[in-house]
Amino acid sequence: MAELSRLVAAPRKAEDIFTEISAAAVELIEGVDTAGILLIKKGGQFESLGATDELPHELDQLQHTLKEGPCIEAALDDVLVRTDDFRRETRWPAYSAAVCKLGVLSALSFRLYTHERTAGALNLFGYEPTTWDTERQTIGMVLAAHAAAALMASHQSENLQSAVASRDRIGQAKGIIMERFGVDDVRAFDMLRRLSQESNTTLVEIAQRVIDTRGNH
């Protein structure tokens, strides 16, 4: 667990951390034979990441097709969803029947940190019926917290990169306006801002349009 904490803190790709967390779940939690992480993005798109093999992705695709299942429920609604034996599961009849045919008989899913655009779940599967006792659930929750931290860090990094890119585009546009119209940087920025307000368009989009006209007079 301490090693996973260091991995999350290090500047690494979220997917690499997800892979190690899934592997740790198989190693540390008795009854877990395969694991992965499901992310559901705004608009219903989903991604299977960090799986220990191809099966979690297949199960995620199955839930997406059937519109039911524990991973989706954990990602969108409940903090923890457990099934000790899919042969006796009544909440998702179509999914349960399908996974039994694939040889999966138990599952444990944990909701990850959710921000505006993405919901997620850490999903653990067993090939045998499994009583997911308190100890197993606790270890899973700790692993899910690590995965959530990686997801949050990735989101913050994306926002930072977007902010830097936006700043650079606005700076380029200001330089073009300063050269083209012989104004200082304050006046150039004011011109960009006014165009943004008058056209009800974001400042970054206006800046990009100015950049696209470079060389045109």
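This briefing walks through the fold of the protein chain and then looks at one helix and one hairpin. The model is predicted. Its protein chain holds 8 helices and 5 strands, and 41% of the 217 residues count as buried.

**Overall fold**
- Among contacts with a separation of 6 or more in the protein chain, 57% join residues 24 or more positions apart.
- The protein chain exposes about 11800 Å², with carbon and sulfur atoms supplying 52% of that area.

**Helix α3**
- Helix α3 takes in residues 55-66, and its 12 residues should span 16 Å at 1.5 Å a residue, which agrees with the 16 Å between its end C-alpha atoms.
- Which residues of α3 are buried? They are Leu55, Pro56, Leu59, Asp60 and Gln63.
- Just after α3 comes Lys67, with a positive phi of about 60 degrees.

- Strand β1 covers residues 34-41 and is mostly covered, with 7 of its 8 residues buried.
- Its partner is strand β2, residues 46-49, and the two pair in the antiparallel sense over 4 bridges.
- Within this pairing, Leu39 has Glu47 in β2 as its bridge partner.
- The hairpin has 4 residues between the strands, and Gly43 in this hairpin takes a positive phi near 100 degrees.

Conventions
Residues numbered from 1 in each chain as written. Predicted model: local features only at pLDDT ≥ 70, side-chain atom pairs only at ≥ 80, totals over all residues. Heavy atoms only, no water. Buried < 20%, exposed > 50% of the residue type's maximum accessible area, 1.4 Å probe, protein only. Contact = heavy atoms within 4.5 Å. Areas by Shrake-Rupley, 256 points an atom, 1.4 Å probe, with all protein chains shown as cover. Expected span 1.5 Å × (residues − 1). Pairing = 2+ DSSP bridges.
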